[in-house]
Amino acid sequence: MTPVSFYHLERQPLEAVLPKLLTTSLERGWRVVVQAGSEDRAEALAQQLWVHDEESFLPHGTRADGYPDLQPVWITAEDENPNNANVRFYVDGAPVGEIEGLLRAVILFDGRDPDAVAAAREGWKRFRAAGHEVSYWQQDEQGRWRNRAAG
C-alpha cells in the first residue's frame, strides 16, 4: 500500500515549503507530479519555482512547457502522470485520485483554512481505513518537520 503523508502548513506558505520538498524528492531520485487545484494555480506554482532561489535550479514543467517525459517534476491540475512519476503531491485541495503504485502520496494543506483541515481529517480516516500507512507532519518552532502522528 502506498504511504500517505499529510503536511500541515501553519508556519510557512506552500510557496516556501514546496520547493524544499521537491528538492528532497529529486535528491532521492524520485520523479514527481504536483497536482494543484486549478490550471491557473499550477502555472503560478511553476512560475514561482523559477524564482524561489537564485542559486539553484529546480527542473520542472507544465502542459505549457510540453515534453512531460523529460520533466522530473510535472505540475498540473489534472489526475495525470505523463512523466512516469513515483511520488505525487496534492496541493490546494486537489482531489486525490488513484495512488496505488506510487512510492508516496503527499497531501499539503493550509492549517489556517478550516475547510482544508476538515478535508485532511477526512482523507486521513479514508486512507487509514483502506489500510494505507498514514503520517501527519507539522513544523516545530525551528521550522523542522516533525512526524506528529502515524497510523
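Select tyrosine 7 to begin: this residue is buried, with a relative accessible area of 12%. Here, buried means under 20% relative accessible area, exposed means over 50%, and partly exposed lies in between, for a 1.4 Å probe and protein chains only. The model on the screen is predicted, so local features need pLDDT of at least 70 and side-chain atom pairs count only at pLDDT 80 or more, while totals for chains, interfaces and linings use all residues. Residues are numbered from 1 along each chain as its sequence is written, and side-chain values use heavy atoms, with hydrogens and water left out.

**Stop 1: the aromatic rings**

A pair of aromatic rings is described by the distance of the centres and the angle of the planes. Rings of Phe, Tyr and Trp (its six-membered ring) pair if their centres lie within 6.5 Å; planes under 30 degrees apart count as stacked, over 60 as edge-to-face and the rest as tilted. By this rule there are four aromatic pairs.

Because tyrosine 7 belongs to strand 1 (residues 4-9) and tryptophan 145 to strand 7 (residues 145-150), the pair ties together parts that are 138 residues apart in sequence. Helices (H or I, at least four residues) and strands (E, at least two) are DSSP runs, numbered from the N terminus. Now show Trp137 as well: ring pairs link Tyr7, Trp137 and Trp145 into a cluster.

Next, select tryptophan 50 and phenylalanine 57. These two form a tilted aromatic pair, with 5.4 Å from centre to centre and 35 degrees between the planes. Are the two residues buried or exposed? Tryptophan 50 is partly exposed, with a relative accessible area of 43%, and phenylalanine 57 counts as exposed at 55%.

Then select arginine 126 and phenylalanine 127. The arginine lies over the face of the phenylalanine, at 4.3 Å from the ring centre. A charge sits over a ring if NZ of Lys or CZ of Arg is within 6 Å of the ring centre and within 35 degrees of the ring normal.

**Stop 2: the pockets**

Pockets are found on a 1 Å grid over the protein atoms alone: a pocket is an open set of points where a 1.4 Å probe fits, with protein on both sides within 12 Å along at least five of seven lines, and lining residues have an atom within 4 Å of a point. Grid points are joined across faces, edges and corners, and a volume is the space filled by probe spheres set on the points.

Select Asp92, Gly93, Leu108, Phe109 and Ala116, which lie nearest the centre of the largest pocket among its 25 lining residues. This pocket has a volume of about 440 Å³. Helix 3 gives the most to the lining, with seven residues. The lining divides into 16 nonpolar, two polar and seven charged residues. Ala, Val, Leu, Ile, Met, Phe, Trp, Tyr, Cys and Pro count as nonpolar, Asp, Glu, Lys and Arg as charged, and the others, Gly among them, as polar.

Move to the second largest pocket, which holds about 280 Å³ of space. Of its 17 lining residues, Ser5, Tyr7, Arg28, Trp30 and Arg104 are the closest to its centre. The largest share of this lining, four residues, comes from helix 1. The lining is made up of nine nonpolar, four polar and four charged residues.

**Stop 3: helix 1**

Colour helix 1. The expected span of a helix is 1.5 Å times one less than its number of residues. For the 14 residues of helix 1 this gives 20 Å, and the end C-alpha atoms are 20 Å apart, which agrees. Its buried residues are Leu14, Val17, Leu18, Pro19, Leu21, Leu22 and Ser25. Just after helix 1, select glycine 29, which takes a positive phi of about 85 degrees.

**Stop 4**

Select valine 73 in strand 3 (residues 73-76). Valine 73 is buried, with a relative accessible area of 0%. Asparagine 84 has a positive phi of about 55 degrees although it is not a glycine.

Finish at tyrosine 67, in the loop between helix 2 and strand 3. Tyrosine 67 has a positive phi near 50 degrees and counts as exposed, at 59% relative accessibility.
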